[in-house]
Amino acid sequence: MDIDASEEDPEMKKSSAVCVGREEDIKKSERMTAIVHDREVVIFYHKGEYHAMDIRCYHSGGPLHLGDIEEFDGRPCIVCPWHKYKITLATGEGLYQSIDPKDPAAKPKWCSKGIKQRIHIVTVDNGNIYVTLSNEPFKCDSDFYATGVFKVIKSSS
């Protein structure tokens, strides 16, 4: 195996961690945006944990970095500022409230739409924050808005 060739393999490169900033900075702002291997992501620091996901909401591409973090059914979620879609920080599940219309005493309950937003891996090393893109093989709704014409972070080049 040619080691130099594997370093140039675009698929291997996509799975490498990218330094996106300093831990002290994200702890102050509680969020940051970055481009990781041409994919826009938002990184959140919430209650002592780091979370990264595609920056654009799976529903219609709303800018999640501008949303509020709220808890629903005990799960921290980013709320899309455009249409108020709720996305769990930990899993990328879309949440909605459901009620049984045939039961007059029914109370609304939180349900999952399944994983809708692609979640990425965040690691901390020596005060630096690194993001590794998800290599999960399934198609995710947020993939559509993750690159190309929908980019919200303008490159400096």
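Colleague: In which segment of the model is D143 found?

Modeller: The model is a predicted one. D143 is found in the segment after strand 11 (128-132).

Colleague: Is D143 buried or exposed?

Modeller: The relative accessible area of D143 is 17%. Buried means under 20%, so D143 counts as buried.

Colleague: With which residues is D143 in contact, leaving aside its neighbours within four places in sequence?

Modeller: One of these residues, R118, also lies over the face of F138, at 5.0 Å from the ring centre. Leaving aside those neighbours, the contacts of D143 are R39, D54, R118 and F138.

Colleague: Which class of aromatic pair do Y58 and Y85 form?

Modeller: The count of aromatic pairs comes to four. The ring centres of Y58 and Y85 are 5.6 Å apart, and their planes are at 75°. Planes over 60 degrees apart count as edge-to-face, so the pair of Y58 and Y85 is edge-to-face.

Colleague: How many residues apart in sequence are the parts that the pair of Y58 and Y85 ties together?

Modeller: Y58 lies in the loop between strand 4 (49-54) and strand 5 (68-72). Y85 lies in the loop between strand 6 (75-79) and strand 7 (86-88). The pair therefore ties together parts whose separation in sequence is 27 residues.

Colleague: What is the relative accessible area of Y145, which forms an aromatic pair with F144?

Modeller: F144 and Y145 form an edge-to-face pair, 4.9 Å centre to centre with 90° between the planes. F144 is exposed, at 55%, whereas Y145 is buried, with a relative accessible area of 13%.

Conventions
Residues are numbered from 1 along each chain as its sequence is written. This is a predicted model: local features need pLDDT of at least 70, side-chain atom pairs count only at pLDDT 80 or more; totals for chains, interfaces and linings use all residues. Side-chain values use heavy atoms; hydrogens and water are left out. Rings of Phe, Tyr and Trp (its six-membered ring) pair if their centres lie within 6.5 Å; planes under 30 degrees apart count as stacked, over 60 as edge-to-face and the rest as tilted. Helices (H or I, at least four residues) and strands (E, at least two) are DSSP runs, numbered from the N terminus. Buried means under 20% relative accessible area, exposed over 50%, partly exposed in between (1.4 Å probe, protein chains only). A charge sits over a ring if NZ of Lys or CZ of Arg is within 6 Å of the ring centre and within 35 degrees of the ring normal. Contact means heavy atoms within 4.5 Å.
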